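Please have the model open as I speak.

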Amino acid sequence: MEGKGTKILIAILIILILGAGAVLAYKIVQDKKNVQEVSNNENSSNILQATVVEKEVQIYKGNDRPIAVMIDNHNGAWPQAGLNDAYMVYEIIVEGGETRLMALFKGADLDKIGPVRSARHYFLDYAMENDAIYVHFGESPQAKSDITKYSIQDIDGIAEDGTTFWRVKDKYAPHNAVTSTEKLLQSAKNKNYRTTSNEESVLNYVTDEVNLEEGQSAETVVIPHSTLQTVKYEYNSQTKLYERYARNKLQSDWETGDPITAKNIIITFCDNYTLSDSENKGRQGLKNIGTFNGYYITNGKAIPIKCTKNARDEKTVYTDLQGNEIKVNDGNTWINICPINAEVEITGTENTADGNTINTTNSAVTNNNV
């Protein structure tokens, strides 16, 4: 009997040992599985985080404060330097039917920008709404007054020490003053200007491609700012960019020779007028406070929009005809502010119901602000 009991006891012990081993083995397997799941989750989180970083808007990022530079657009100033590196360029009429440009840079590192030209007071509105340091070489009396009135942090080439701006020999004065981002930032620091900004962009940039499926075809866009200055943009379907022409001449970069291009074009129709002042030089004013008709153009398509600016130092809001803020492609933008009666032409091709292709031209003329 004792031998039989011993055998039973041994069997029970073996079963217990095997059971304990099985439990231990299961626990080890589960621990490994849990560790693997945590690792996978961390990897997934890292991948998701990397995806988010990859999807960050590129044209307007970081906390560098924008720098707004007045760029000469007289044909004696062509070609200009730096326009392709600006995240936004404003073009507005000045005296004599010429236009002037204001290029905005954020976090750029450029050895040459220009030619730099004098300030006009209505450009200050767009420098303020972009929270930008305003750069110019000279100024109109109205601009001088408003720079003081609105406490604009500006850098004036005429008032500088001779190192921030310099004149080049391959152009003639007054179309040959240039500067660099390094020199401008040094001047800003010397003046104790703020060089960082947390302001959001004026435009509602998105990372997903905006194709304006319901828009009209816009392969060629012609904007007559005046009888002297007509601008044309031609769409390149390979690069998905618009190449810029002025007075029938393809615009190019001074340094690289590359065509001047735009991912986005915004047209705003609003009245300009001749100022009555003692200098009698035909300087212009701009009625840009209110809501005005316009167009947003990108990727070969155009839609009508509304452009609303409620005060000189407030951001312009660009909406579709349903009142929704437009989504803008992540790329550089040219904003052409042209006279209210400018006969802008938007031309393209459309497919008909029977599969044929027809040419379309729309004369986008607007006579009244809303």
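Which residues does Ile266 touch, not counting residues up to four places away in sequence? Before I answer, a word on the source: this is a predicted model, in which local features need pLDDT of at least 70 and side-chain atom pairs count only at pLDDT 80 or more, while totals for chains, interfaces and linings use all residues. Residues are numbered from 1 along each chain as its sequence is written, and side-chain values use heavy atoms, with hydrogens and water left out.

Ile266, then, touches Leu203, Tyr295, Tyr296, Ile305, Tyr318, Thr333, Trp334, Ile335 and Asn336, where contact means heavy atoms within 4.5 Å. Ile266 is found in strand S15, residues 264-269; helices (H or I, at least four residues) and strands (E, at least two) are DSSP runs, numbered from the N terminus. Its relative accessible area is 0%, so Ile266 is buried, a word that stands for under 20% relative accessible area, with exposed over 50% and partly exposed in between, for a 1.4 Å probe and protein chains only.

Let me turn to Tyr318, which, leaving aside neighbours within four places in sequence, is in contact with residues including Val202, Leu203, Ile266, Thr268, Ile305 and Cys307. In the largest nonpolar core, which has 42 residues, Tyr318 is among those that touch the most other members, together with Met102, Tyr134 and Tyr296. Such a core is a set of buried Ala, Val, Leu, Ile, Met, Phe, Trp, Tyr and Cys residues joined through side-chain atoms within 4.5 Å. Helix H2, residues 123-129, gives the most to this core, with 5 residues. Apart from it lies another core, of 40 residues, among them Ala103, Tyr242, Cys338 and Ile346.

Next, strand S1, residues 67-71: 5 of its 5 residues are buried, and therefore S1 is largely enclosed by the rest of the structure. S1 runs antiparallel to strand S3, residues 99-105, with 5 bridges joining them, and parallel to strand S4, residues 133-136, with 3 bridges; two strands pair if DSSP finds at least two bridges between them. Ala68 stands opposite Leu104 in S3, while Ile67 stands opposite Ile133 in S4.

A search of the whole structure finds 1 cavity of 30 Å³ or more, and the largest cavity holds about 80 Å³. On a 1 Å grid over the protein atoms alone, a cavity is a set of points where a 1.4 Å probe fits but cannot get out, and a pocket is an open set with protein on both sides within 12 Å along at least five of seven lines; lining residues have an atom within 4 Å of a point. Grid points are joined across faces, edges and corners, and a volume is the space filled by probe spheres set on the points. S19 supplies the largest share of the lining of the largest cavity, 3 residues. The largest pocket, by its volume, contains about 160 Å³ of space, and its lining includes Val210, Leu212, Asn324 and Lys327.
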